[in-house]
Amino acid sequence: MEIWINPACSKCRSALSLLDAEAAQYTVRYYLEDPPTVDELAAVLDRLGLEPWDITRLGEPAAAELDLATWPREPADRTRWIEALAARPALIQRPIITADDGTAVVARSPESVRSALR
């Protein structure tokens, strides 16, 4: 599995601690330094079963600069949102775990981290 993290994020550190406690095998991706591409984001969103606006951190300064809160949230707008996330990865909710079985979770709670281990 792979986990996208920001090391400054307490939820990310908690997720890593839980994975370590469970002796899980995983790869860390520092997504601010190694941002996902548009195609990677689209694939992860499909695995999550979510839309890009569902994983967007609207409280970030970049979200205010782009005025994301006013952007339409329709299927036709999906690419625009994904492109914004790829260009400004700090907008992506974290941590995200992609499991080898094809599933993915936004791992903000211990329960969601554990669900990636099943």
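Is Trp81 buried or exposed, and what is its relative accessible area? In this predicted model, Trp81 is buried, with a relative accessible area of 1%, a value that falls under the 20% limit for burial.

A search of the whole structure finds 2 aromatic pairs. In one of them, the ring centres of Trp53 and Trp81 lie 5.7 Å apart and the ring planes meet at 70°, so the arrangement is edge-to-face, given that planes over 60 degrees apart are placed in that class. Because Trp53 belongs to the loop between α2 (38-48) and α3 (61-66), while Trp81 belongs to helix α4 (residues 78-87), this pair ties together parts that are 28 residues apart in sequence. Trp53 also counts as buried, at 12% relative accessibility.

The rings of Trp71 and Trp81 make up another pair, with centres 5.4 Å apart and planes at 80°, so this pair too is edge-to-face. Here the link between distant parts of the chain runs from Trp71, in the loop between α3 and α4, to Trp81 in helix α4, the two residues being 10 residues apart. Trp71 is buried as well, with a relative accessible area of 12%.

Taken together, Trp53, Trp71 and Trp81 form one aromatic cluster, and Trp81 is a member of the pair with Trp53 and of the pair with Trp71. A charged side chain also meets this cluster: the charged end of Arg80 sits over the ring of Trp71, at 3.7 Å from the centre of that ring.

Note on methods: Residues numbered from 1 in each chain as written. Heavy atoms only, no water. Phe/Tyr/Trp six-rings, centres within 6.5 Å; stacked < 30°, edge-to-face > 60°. Helix = DSSP H or I, 4+ residues; strand = E, 2+ residues; numbered from the N terminus. Buried < 20%, exposed > 50% of the residue type's maximum accessible area, 1.4 Å probe, protein only. Lys NZ or Arg CZ within 6 Å of the ring centre and 35° of its normal.
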